[in-house]
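Please look over the sequence and the structure shown below before reading on.

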Amino acid sequence: MRLFSNSSQLRNALAYMVIASLALMFLNIYSASNTRELMFQAKYASVQDKIQVVASSFETADTLSTETVDQVISVLGDINVSRLLITDAEGKVLYDSSVNQNAVGKFALLEAVVQALGGNDVFHCTYHAGALQSYAAVPIMSRANPIGCVYVMDFDAEQGEIIENLERNILRGSWILLGGMVLCSAVFSVVSSKRMRKILLSMRLVREGEYSHKIQMRGDDEYTTLATEFNKLTDRLQESEATQRQFVSDASHELKTPLASIKLLSDSILQNDMDADTMREFVSDIGNESDRLTRMTQKLLTLSKADAETVCDHEVVDLSEIVRRVFRMLVPLADKTEVRLTANLDRGCFVLSVEDDAYQIIFNLVENGIKYNHSGGSVHVTVSHTPEEVELLVEDTGMGIPQTSIEHIFERFYRVDKARSRQAGGSGLGLSIVHELVERNFGSIAVSSEEGKGTRFTVRLPFFALEEDENDA
Ligand code: ADP
């Protein structure tokens, strides 16, 4: 029974069966009543014909007597009904075709006779006990007055049998149909429940951490689609868990390196009897390493914030203005490494973004352009816009990125040249932050590079057109 408990399929099947049963019941009742109605009409026509023949045979008579009635009936012969009664104007039976219960001389105390003697035609037909039972009565008129009546009773077992057979066959067909439906519903319900339970079981397994579990489902129905979508979902879960694990392991590794250096340097200071200059140098190295740790944790925080947040505090940001701010911040570094910063900034390059995001994107790209450059080189930034988007180009004349590395540079902790990156104070997180932030602001980023010649980053963000008066203000 557990198989069916709480099963929506069973509920559906029951609902269908109830609807089908009601439809079949209606069909049975409708066809039965229609068949009976047709039979009654046929019977009415046939009885009416016979009774009128008898009644019209007395048209010329002024009064009725047993003799005149017997005379007419002997001329008419057998009219093929179960019983024929002819009464006078008082309802006294003058003729009775029944031999066993002959009522001649008695008063026919029948409602139909009373009505017929009142000048009315009467007909009644019922289907009972497998037979069609009908009676009819008509007045015998003479000069517009009833002088008697003809009463006919008919018991038709043959017609009754036709009705009985027809109704029995329709009912039997309905039962067979209903039985077939119950069987089909039960089979479908069991099969569907089985497939549903398979999916539920897989969901439970995945919930308990078995992300590699896959549902094997044959067929081409909704369950198969559900299973395919579920398998895709677990693939994504597996992927994201692997990325997460990789990220945690990379982050711990990256954080371990400066910590190990700090430990080594401080142990050396404690153990060795060193002169003041060497000690100062060691302490300064410890300072550099802790700066690196601070920068890295700062970047990790930015990255996790970019992962978690969706942009909600939109503001209108002028990218050209942000480039100027970034240049002001990076001029000391550029001077120190003898790299020239130049720019070509169009007016009105507005985007709907978060100012900090825009600043971080431009800062990281320009800083990389300086860091991975050589003395005498340059970084050139161009900001322009079309009616749809704002384009930011950051081009440098630096060392370039090897083609094989280009597809990896947006990965977290990826560095082409670890030593150079470390020396330049890099963490391998700058470009992945840029990538996250650009995507978060509905933009795109592309890179092209030639080793030894330089690199160009192209960022595109949706353009935000300010109203003229707003712009002027
Ligand atoms: P990092 O903190 O090491 O600079 P990024 O994520 O910013 O990390 O960059 C990843 C790697 O891509 C860098 O280590 C560097 O090797 C390479 N790279 C990034 N920008 C440039 C550039 N403008 N020119 C040459 N190489 C670059």
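Is S185 buried or exposed? S185 is buried, because its relative accessible area is 15%, where buried means under 20% relative accessible area, exposed over 50%, and partly exposed in between, with a 1.4 Å probe and protein chains only. This is a predicted model, in which local features need pLDDT of at least 70 and side-chain atom pairs count only at pLDDT 80 or more, while totals for chains, interfaces and linings use all residues. Residues are numbered from 1 along each chain as its sequence is written, and side-chain values use heavy atoms, with hydrogens and water left out.

S185 belongs to helix α4, which covers residues 157-207; helices (H or I, at least four residues) and strands (E, at least two) are DSSP runs numbered from the N terminus. When neighbours within four places in sequence are left aside, S185 is in contact with A13 and M17, contact meaning heavy atoms within 4.5 Å. Q48 is part of helix α1, residues 8-56, and counts as buried because its relative accessible area is 13%. With neighbours within four places in sequence again left aside, Q48 touches D121 and V138.

**The ligand and its surroundings**

The ligand sits in the second largest pocket. Here a pocket is, on a 1 Å grid over the protein atoms alone, an open set of points with protein on both sides within 12 Å along at least five of seven lines, and a molecule sits in a pocket if more than half of its atoms lie within 2 Å of its grid points. The elements that give two or more residues to the shell around the ligand are α8 (355-371), α11 (430-440) and β12 (454-462), and the largest share, three residues, comes from α8. Of the 21 residues around the ligand, N368, Y372, S421, S427 and L431 come nearest, a residue being near if one of its heavy atoms lies within 4 Å of the molecule.

| Residue and its atom | Ligand atom | Distance |
|---|---|---|
| N368, polar side-chain atom | oxygen | 2.8 Å |
| D396, side-chain N or O atom | nitrogen | 2.9 Å |
| L431, backbone N or O atom | oxygen | 2.8 Å |

On its own the ligand has 520 Å² of accessible area, of which the protein covers 98%; such areas come from the Shrake-Rupley method with a 1.4 Å probe.

**Loop residues and a helix residue**

Most residues other than glycine have a negative phi. N80, in the loop between α2 (66-76) and β1 (83-88), has a positive phi near 60°, and N80 is exposed because its relative accessible area is 57%. F413, in the loop between α9 (403-406) and α10 (418-423), also has a positive phi, near 70°, but F413 is buried, with a relative accessible area of 7%.

T404 is found in helix α9 and counts as exposed at 61% relative accessibility.

How exposed is R143, and what does its side chain meet? R143 lies in the loop between β4 (131-142) and β5 (145-156) and counts as exposed because its relative accessibility is 69%. The side chain of R143 makes a polar contact of 3.4 Å with the side chain of D62. R143 and A276 are 133 residues apart in sequence and 157 Å apart in space, C-alpha to C-alpha.

Terms used: Polar contact = N/O pair within 3.5 Å; in protein donor to acceptor, adjacent residues only side chain to side chain. 1 Å grid on protein atoms, 1.4 Å probe; cavity = no way out; pocket = protein on both sides within 12 Å on 5 of 7 lines; lining within 4 Å.
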